[in-house]
Amino acid sequence: MRITVLGSAAGGGFPQWNCNCRNCAGLRRGSLRATPRTQSSIFVRGDTGDDGILFNASPDILEQIRARPALQPARGLRDSAIAGVVLIDGQVDHTTGLFMLRERRGALPLWCTDPVAEDLTTGNPVLSVLGHFCGVERHRIEPDGAPFTVPGVPGVTLRAQALSSKAAPYSPHREAPVPGDNIGVLMSDAASGRSAFYAPGLGEITPALFDTLCGADAVLVDGTFWTDDEMLRLGLSGRSARDIGHLPQSGAGGMIEWLDRLPARTRRLLIHINNTNPILDEDSPERAELARHGIEVCADGMDIVP
Ligand SMILES: [Zn+2]
Ligand SMILES: [Zn+2]
């Protein structure tokens, strides 16, 4: 099993089009040692075959496909290596790319939970819109840990777990979370038994989630914010990281503390990094602190073999 990071940034990407924070401005000026990043998505393949699973459909999907030739194996006049799409929630930065897949021949195989399917047919009816183009062949994800597979991607087994985070702002139940608004997915390689857990948005590490993290060979987890008040202090938002369903890395009970408790052999990676996060500056003390804890920062194009 091979995981390719297509997009490692949170919503807005890095640099964000309208942002002049220290990171975005520094990257544009060339005064900051940092790498541009597109919005949140990974592509997962088994050991055999060209086809894989797209996790989240980023607004940057066309750029991501152009940048990774493996996603266009060119076996026919119209072709794609995307055998199916798995959505971890219904947020804009994880679903807008679905519009860009509308030229597909035949219905798009799509896996999501019932609450996400509801959001994507009501508050943000992208699935209904796609019905006028390729159509969607929707498969239900139950966030109960039951195994499922994506046809055409042999050797990769998926298991979804409900996470404590937030539904999208246009969700009819934004302020009344239900299980399945956000999921993490454990992906396992049938041949090697190796596994990785992907959770780009997660607000809280419950005992059940910590058990799952401990059992994975690699974890790709929420790297959105360094501090809980990151957006508040910059005057960019009236809400804290935890308010919008993201566990910050630093501080008591933060992501670094949790990752420190995982077995020593676990590979720890942060993904879904907001453009304001100081870890994007490769010379920052925050980035050095991650390195001291053995925590990697995902970049676009990174290949991970758990
Ligand atoms: Zn996101
Ligand atoms: Zn910025």
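1. Gln161 has Gly184 in E9 as its bridge partner. Strand E8 (residues 156-162) and E9 pair in the antiparallel sense, over 7 bridges. Strands and helices here are DSSP runs, numbered from the N terminus: at least two residues of E for a strand, at least four of H or I for a helix. Two strands pair if DSSP finds at least two bridges between them.

2. A word on the model. It is predicted: local features need pLDDT of at least 70, side-chain atom pairs count only at pLDDT 80 or more, and totals for chains, interfaces and linings use all residues. Residues are numbered from 1 along each chain as its sequence is written, while chains are lettered from A and ligands numbered from 1 in the order in which they are written.

3. E9 also meets strand E10 (residues 195-199). The two run antiparallel, joined by 4 bridges. Ser188 has Ser195 in E10 as its bridge partner. The E9 and E10 hairpin has 5 residues between the strands, and Gly193 there takes a positive phi near 75 degrees.

4. Strand E9 (residues 183-189) is largely enclosed by the rest of the structure, because 7 of its 7 residues are buried. Buried means 20 or more other C-beta atoms within 10 Å of the residue's own; exposed means 12 or fewer; partly exposed lies in between; C-beta atoms are placed from the backbone. Both faces of E9 are covered. Ile183, Val185, Met187 and Asp189 are on one side, with Gly184, Leu186 and Ser188 on the other.

5. Check Asn56. Its phi is positive, about 75 degrees, although Asn56 is not a glycine. Asn56 is buried, with 28 C-beta neighbours inside 10 Å.
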